[in-house]
Amino acid sequence: MTTPGSTSQVTPLSFASYVQARRPVLMRTARSLTSDPNDAEDLLQTALTKTYVAWERIADHRAVDGYVRRTLVNTRTSQWRKRRVDEYVTGELPEPEPLPTADPAEQQAVRDAMWQAVMRLPARQRAMVVLRYYEDLSEVRTAEVLGVSVGTVKSAVSRALTKLRGDLSLAAVITPAESEAASSQQPMAA
């Protein structure tokens, strides 16, 4: 309260000092208008930019909070009205038709027949085939594990694959298409 003989000088409020003092409060207001904190920051920045442009025209700087809040609401309403719709109703679904998949029971039957054929191989060849193709070890690593030379691994695996290709019980289960796919996936040992 001022005394009758004194005059109080009101210092003009600068925009920078106003933003520094009121930013947390204004941020809460912006955050209440949006669901994303990043959008709230953008909204507040846009409203403060508009307020800065109009700063000299604001006669009563005590009412700046109301002006900024109204700018926040108006800016958010304008953004909402201008929003872009990315989804459109169409007559057909955009998803491609699912590719036909093999019957899981047939796949299991092929795996079982393959394993039975591998089990009919001699122990040494079986060990090399399992390490090379089931455990996915290199020829060098397979040779190290079994304590043999790389050449021994190559020749034994080659003979084992020849036996597997000639196994009639395995051929009865595998269709020609599966046989071609299997032979293209397993490299020939030299």
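**View A. The buried face of helix 1.** Phe15, Tyr18, Val19, Leu26, Thr29 and Ala30 are the buried residues of helix 1, where buried means under 20% relative accessible area, exposed over 50% and partly exposed in between (1.4 Å probe, protein chains only). They pack against helix 2 (37-53) and helix 3 (64-82); helices here are DSSP runs (H or I, at least four residues), numbered from the N terminus. This is a predicted model, in which local features need pLDDT of at least 70, side-chain atom pairs count only at pLDDT 80 or more, and totals for chains, interfaces and linings use all residues. Residues are numbered from 1 along each chain as its sequence is written, and side-chain values use heavy atoms, without hydrogens and water.

**View B. The kink in helix 1.** Look for a kink of about 60° at Arg22, shortly before Pro24; the bend is the angle between axes fitted to the seven residues ending at a residue and the seven starting there.

View C. Asp65 in helix 3 and Arg22 in helix 1 are 43 residues apart. Asp65 counts as buried because its relative accessibility is 18%, while Arg22, at 25%, counts as partly exposed.

**View D. Thr71 in helix 3.** Thr71 belongs to helix 3 and counts as buried because its relative accessibility is 9%. A polar atom of the Thr71 side chain lies 2.8 Å from the backbone oxygen of Tyr67.

Methods: Helices (H or I, at least four residues) and strands (E, at least two) are DSSP runs, numbered from the N terminus. Contact means heavy atoms within 4.5 Å. A polar contact is a pair of N or O atoms within 3.5 Å; within protein, one must be able to donate a hydrogen and the other to accept it, and residues adjacent in sequence count only if both atoms are side-chain atoms.
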